[in-house]
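Hello,

Here is the structure I promised to pass on to you. Please have a look at it first; my notes on what turned up follow just below.

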Amino acid sequence: MILLFGIRSRLKTIAHGTFFCPKCGADRQYRLQSVRRWFTLFFVPIFPISGPQGEIVRCGTCGSAFRPDVLDTPTSAALTDLIRNAMRVAVAAVLRAGNGHDGATRRAAIDAVRSTGIEDYDDAKLAVDVDGADVSALPAYLAPLANGLNAAGKERFVGQVAAVAGADGSLSDAEHQALETIGGSFDLSAAYLTGIIATSTATRTDDAS
């Protein structure tokens, strides 16, 4: 009798959920699977001969496999909420740092938040944010966006906040510091950040004239 034996890897699903699939370019269901090596007899797995060798994330739609750190990227739905919350805290920070009572600045802040999809955002909600937001936690709101936004998205976010800060025609040192906090959270160089600020504030000035 010929015995056919060998060793092969088997996958075991240990978790599942929703993630942003880089290949599909959209939110998809995933399975988190652990990999172990098994002894086989007649191609049938008999017993494991190793502990977990690693983990992979497999897309339920396209079947592609990724490293587990792909789960660090927020889903599209989560990213939308993150952007909205971060924008509210960011505009509150620059209003506290600058001329928070200036009408043009407040209108620019409302426009910036509405651009994230909060259509009913108004001056009353802005007042609540400016008075109550924990602006010291701004880096914590921005950190998830560093993974979720591409370069264009980061530039757009910073540009919108810079336009708010410069709506009254000038930037204070405190407003610059708030913008530097955002740029630092996004790993933007000082030169890149300066360019975004200059472009955004110039555009806002041109629109107001």
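The largest nonpolar core has 39 residues, and F157, I182 and F186 have the most contacts inside it. By nonpolar core I mean a set of buried Ala, Val, Leu, Ile, Met, Phe, Trp, Tyr and Cys residues joined through side-chain atoms within 4.5 Å. Buried stands for under 20% relative accessible area, exposed for over 50%, and partly exposed for what lies in between (1.4 Å probe, protein chains only). At least two residues of this core come from each of α1 (76–97), α2 (103–114), α3 (123–132), α4 (138–148), α5 (151–165), α6 (173–185) and α7 (190–208). The largest share, ten residues, is supplied by α1. Apart from this core lies another one, of eight residues, including F19, Y30, L32 and V70.

Before going further, a word on the source: this is a predicted model, in which local features need pLDDT of at least 70 and side-chain atom pairs count only at pLDDT 80 or more, while totals for chains, interfaces and linings use all residues. Residues are numbered from 1 along each chain as its sequence is written, and side-chain values use heavy atoms, with hydrogens and water left out.

As for the overall layout, the chain has seven helices and five strands, arranged along the sequence as β-β-β-β-β-α-α-α-α-α-α-α. Helices (H or I, at least four residues) and strands (E, at least two) are DSSP runs, numbered from the N terminus. Of the 209 residues, 36% count as buried. Among contacts (heavy atoms within 4.5 Å) between residues at least 6 apart in sequence, 64% join residues at least 24 apart.

Now to α1. Its buried residues are L79, A86, M87, V89, A90, V91, A92, A93, V94 and L95, and what covers them includes α2, α3, α4, α5 and α6. The 22 residues of α1 should span 32 Å at 1.5 Å a residue, and the end C-alpha atoms are 31 Å apart, which agrees. The expected span here is 1.5 Å times one less than the number of residues.

T116 sits in the loop between α2 and α3. T116 is buried, with a relative accessible area of 13%, and, not counting residues up to four places away in sequence, it touches T80, I83, R84 and M87.

The pairing of α5 with α6 is worth a look too. Their axes come within 10 Å and cross at roughly 175°, so the two helices are roughly antiparallel (an angle over 145 degrees). Axes are lines fitted to C-alpha atoms, for helices over the stretch in contact, and angles run from 0 to 180 degrees between N-to-C directions. F157, V158, V161, A162 and A165 of α5 meet E175, L179 and I182 of α6. In α6, the buried residues are E175, A178, L179, I182, G183 and S185.

Leaving aside neighbours within four places in sequence, F186 is in contact with L142, L145, A146, L149, K154, F157 and V158. D187 lies in the loop between α6 and α7 and is exposed, with a relative accessible area of 68%. Its phi is positive, near 60°, in a residue other than glycine. Most residues other than glycine have a negative phi.

Best wishes

Methods
Parallel < 35°, antiparallel > 145°, perpendicular 65-115°, else oblique.
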